[in-house]
Amino acid sequence: AAAEMLEFGREYACQIVRNAKALAQALYERGFNVLAEHKGFTESHVILIDITKQGDGGTIEETLEKANIIINRNLLPWDIKEGRHFQHPGGIRLGVSEVTRLGMKESEMVEIAEFIKRVILDKEPPEKVKGDVAEFRKDYQKVHYCFENATEAYEYVKIR
């Protein structure tokens, strides 16, 4: 892993930031309250969304999971003051490290934003979107930014 970071780390990190910015922008354009828009949304792998107009972070986390979209609920700095609990906070957090490692780029972030919009804003049944997410994901089965990518992502590799 350390040798791969020496070889591919800079390229991987730069693509992660480009993807995070692209996902944040696409979600913002679709009506989500993505935080730090005035600062370009992020300079890392993570974006944070105030989801209070659509519900709470815990419920949205569970709903998106039913559509095969994994995100995390996240407390916002003002949540405790507003009486929100960590299990049902006002925010969600999305990271792009894994999808980047699977070879996705900025255009795929737009597609991911559209899936999230369909579930949260358009209120499509998560089970319906789940099939579209699975179909989309079929094209991303190899790990990138590594020395060998012959093994499918998440395939068990026996060491001994």
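**Basis of the entries.** I worked from a predicted model, in which local features need pLDDT of at least 70 and side-chain atom pairs count only at pLDDT 80 or more, while totals for chains, interfaces and linings use all residues. Residues are numbered from 1 along each chain as its sequence is written, and side-chain values use heavy atoms, with hydrogens and water left out. Helices (H or I, at least four residues) and strands (E, at least two) are DSSP runs, numbered from the N terminus.

**Helices α4 and α5.** I noted that α4 (residues 106-120) and α5 (residues 126-137) pack at an angle of about 170°, with their axes 9 Å apart. Axes are lines fitted to C-alpha atoms, for helices over the stretch in contact, and angles run from 0 to 180 degrees between N-to-C directions. The two helices are therefore roughly antiparallel to each other (angles under 35 degrees count as roughly parallel, over 145 as roughly antiparallel, 65 to 115 as roughly perpendicular and the rest as oblique). The contact (heavy atoms within 4.5 Å) includes I112, F115 and V119 of α4 and V129, V133 and F136 of α5. I recorded seven nonpolar, no polar and five charged residues there. In this division Ala, Val, Leu, Ile, Met, Phe, Trp, Tyr, Cys and Pro count as nonpolar, Asp, Glu, Lys and Arg as charged, and the others, Gly among them, as polar.

**Helices α1 and α4.** I then turned to α1 and α4, whose axes come within 8 Å and cross at roughly 40°, which makes α1 oblique to α4. This crossing is right-handed. Among the residues in contact are A22, L23 and A26 of α1 and V110, A113 and I116 of α4. By class, I noted nine nonpolar, two polar and two charged residues.

**The sheet.** I traced an open sheet of four strands in the order β1-β2-β4-β3, with antiparallel pairing; two strands pair if DSSP finds at least two bridges between them. The edge strands, β1 (33-34) and β3 (72-74), each pair on one side only. Two bridges join β1 to β2 (residues 46-50), and V34 has I49 as its bridge partner. Five bridges join β2 to β4, with V46 partnered by G95. Three bridges link β3 and β4, where N72 stands opposite R93.

**Helix on sheet.** Finally, I found α1 (residues 2-29) lying across β1, β2 and β4 (91-95), at about 20° to β2.

Note on methods: A crossing is left-handed if the near helix is turned anticlockwise from the far one by less than a right angle, and right-handed if clockwise.
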